[in-house]
Amino acid sequence: MVEKVSSPESPTLQKPIVPERAPSPETMAAAMQPSRLATQDFHFYYGALHALKGVSIAVPANSVTAIIGPSGCGKSTLLRSFNRMNDLIPGARVEGRVEVSGQDVYAHGTDVVELRRRVGMVFQRPNPFPKSIYENVAFGLNMLGLKDRSELSSRVEDSLRRAALWDEVKDRLDRSALQLSGGQQQRLCIARCLAVEPEVILMDEPASALDPTATARVEELVIELKSHYTIVVVTHNMQQAARISNQTAFMLQGELVEFDETRRMFTSPRAKLTEDYITGRFG
Amino acid sequence: MSISTFDTTFKPLPKQRRFDLQGRTFTTLAGLAALFIALMVAVIMGNIILNGWSSVTWEFLSGAPREGMTRGGIFPAIYGTALLVLLMVMALVPFGVGAAVYLQEYADQTAWSTRAVRFAVNNLAGVPSIVFGLFGLGFFIQFLGAGIDRALGLDVVYGKPALIWAALTLAMLNLPVVIVTTEEALKTVPREMREASLALGATRWQTVRHVLIPQAMPGILTGAILAISRGAGEVAPILFTGAAYFLPFLPSSPTDQFMELGYHIFVLATQSPDIDATRPLLYGTVLVLLALTFLLNLTAITLRARMRASLAGRS
């Protein structure tokens with residue numbers, strides 16, 4: 001089994017996250033204190049485009065949260081606000097509050113570099129560096145200034161084990177990461193992200209570029225990882241959201257339509273729009 | 001709605017001509033142009049190799065010119081050229097890459113100052129090389145060099161033509177090439193790579209240093225290759241800044257003057273007291289210059305091919 005070096009939450013501290021009967025988003029935000037990720041009346045603009053219109057959400061720790069919605073609904077924008085990856089876009093502007101573990105990430109003087117280490121991200125297309133497998137996983141640690149060889153290699157091994165990739169790559173750590181298959185590359189990207197010990201992992205359609213087998217492996221991994229990490233997954237695939245998530249957020253045209261326990265959302269959605277979307281009437 | 005509601009009768013299409021005259025004419029002309037270029041190169045190379053081959057002996061490569069340049073070898077010029085190009089690359093690549101990284105990764109792309117710098121870089125590429133030579137004389141030697149001498153209370157040490165000033169002048173000349181090729185190389189690094197690095201908690205500088213520059217390295221080398229080819233053959237920029245007609249010793253310090261192959265060719269071709277006696281040496285020198293440039297290029301190209309293979313995951 002996975003050997004644990006250290007992780008933000010001890011597994012013994014886990015509580016059942018999802019209440020028996022999920023309350024509305026507002027009461028959920030209050031009930032779930034302390035939530036790992038939260039936004040309050042959060043607005044996001046790309047120049048003149050109003051991409052997020054007053055989103056308030058509270059994501060509980062150590063669980064998988066899926067964000068679903070049609071293309072352009074703002075789900076990736078919301079995801080990328082938690083680690084401020086949107087900062088790279090010229091003309092981007094925000095209003096309102098985004099919190100990670102209670103800290104306002106858009107406050108002046110926020111250490112964005114430290115924030116991004118704590119809030120890891122896995123992207124739609126696997127994007128390993130054109131370096132060796134080992135160097136990919138060690139990258140973040142090297143950037144933190146970790147030099148000790150034996151500690152580096154034990155952390156690399158540990159991260160690869162947690163990402164369920166160790167057995168496949170242990171004999172070729174010095175080979176280029178680009179020689180791996182797409183699914184392996186994506187798990188390598190997850191291992192690379194785990195190596196810097198994040199509290200939160202954001203995943204932007206992590207399986208949309210993968211074949212069904214590789215997708216299944218990534219989904220299994222997500223479910224395994226949620227005992228130690230808070231995971232937010234943006235997905236186009238509603239079946240995937242149903243399979244892997246504890247709670248689901250449905251977004252439409254920059255607004256959060258519904259946020260609830262996944263089981264409940266897919267059986268008895270409150271909003272008509274949610275029902276129409278998950279039954280495939282649009283989107 | 002039925003399908004038959006729209007008109008299905010078309011006017012007949014014009015028949016395609018079976019003999020494509022325009023196409024054939026163009027293909028023939030383009031082929032001839034390509035052939036002409038290949039022929040020119042073959043004639044030049046053939047002429048140089050045929051006439052120069054017999055002059056290139058060990059004595060020629062290792063000796064110094066004698067008897068008013070009608071005898072002896074060109075070793076001081078080979079040595080000077082190699083040193084000049086080496087110093088130029090050492091000054092040029094860090095400076096050019098730094099400028100390109102700033103322009104591409106840090107500068108506000110819409111700011112007028114960024115556009116002004118880009119405009120200046122592009123115009124620098126169009127300045128004739130003799131102007132660079134005069135600039136080097138005025139700026140590096142008379143201003144900078146003489147200034148250093150004054151400040152240090154020295155006699156004329158820096159304020160005269162020297163290897164270092166010639167190398168810096170050549171570096172100035174080639175700066176636009178390196179900046180532009182490096183910028184292009186940085187542009188081709190996918191956005192995903194920047195995002196991956198930043199999302200792992202790397203700083204902007206760490207991203208530049210450990211992700212972008214390694215991936216842009218083949219492009220940077222392309223710039224260096226172009227600069228070497230051009231730098232080894234340019235005479236005008238070094239004419240006033242350090243090249244010597246003849247030196248009885250090899251340069252041992254950056255403030256020494258030096259002999260250079262391109263300038264030596266000019267000297268052999270125009271300044272010789274006995275042009276017939278010099279001609280074989282002239283051909284030999286041209287052959288050596290070409291071979292040296294080719295060798296330097298080949299080294300850089302091999303290095304670049306290896307880097308590309310490693311970046312593509314074949315290593």
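**Exercise 1. How many residues of chain A are in contact with how many residues of chain B?**

Solution. The model is predicted, so local features need a pLDDT of at least 70, side-chain atom pairs count only at pLDDT 80 or more, and totals for chains, interfaces and linings use all residues. Residues are numbered from 1 along each chain as its sequence is written, while chains are lettered from A and ligands numbered from 1 in the order in which they are written.

Step 1. Two residues are in contact if their C-beta atoms, placed from the backbone, lie within 7 Å. By this criterion, 22 residues of chain A are in contact with 17 residues of chain B.

Step 2. Helices (H or I, at least four residues) and strands (E, at least two) are DSSP runs, numbered from the N terminus. On the side of chain A that touches chain B, at least two residues each come from helix 3 (112-118), strand 6 (119-122), helix 4 (133-143) and helix 7 (182-195) of chain A. Helix 3 of chain A gives the most, with 4 residues.

Step 3. Ala, Val, Leu, Ile, Met, Phe, Trp, Tyr, Cys and Pro count as nonpolar, Asp, Glu, Lys and Arg as charged, and the others, Gly among them, as polar. The side of chain A that touches chain B then has 11 nonpolar, 6 polar and 5 charged residues.

Step 4. For confidence, the predictor gives the complex an ipTM of 0.84 and a pTM of 0.80. The pLDDT, which is the predictor's confidence in each residue from 0 to 100, averages 89 in chain B, where 97% of the residues score at least 70.

**Exercise 2. State the strand order of the open sheet of 6 strands in chain A, and place the helices that lie across its strands**.

Solution. Step 1. Two strands pair if DSSP finds at least two bridges between them. The order in this sheet of chain A is 6-7-8-3-9-10, and the pairing is mixed.

Step 1. Strand 6 and strand 10 (255-261) of chain A each have a single partner strand, so one side of each is left without a neighbour in the sheet. From one strand to the next, the twist averages 20 degrees.

Step 2. Strand 6 of chain A pairs with strand 7 (residues 200-204) of chain A in the parallel sense over 4 bridges. Met121(A) stands opposite Leu202(A) in strand 7 of chain A.

Step 3. Axes are lines fitted to C-alpha atoms, for helices over the stretch in contact, and angles run from 0 to 180 degrees between N-to-C directions. Helix 2 (residues 75-82) of chain A lies across strands including strand 3 (64-68), strand 8 (230-234) and strand 9 (247-252) of chain A, and runs at about 155 degrees to strand 7 of chain A. Helix 7 of chain A lies across strand 6 and strand 7 of chain A, at about 170 degrees to strand 6 of chain A.

**Exercise 3. Describe the open sheet of 4 strands in chain A**.

Solution. Step 1. The strand order is 2-1-4-5, with antiparallel pairing. Strand 2 (49-59) and strand 5 (103-104) of chain A are the edge strands, each pairing on one side only.

Step 1. Strand 1 (residues 37-46) and strand 4 (residues 92-100) of chain A pair in the antiparallel sense over 8 bridges. His43(A) stands opposite Glu95(A) in strand 4 of chain A.
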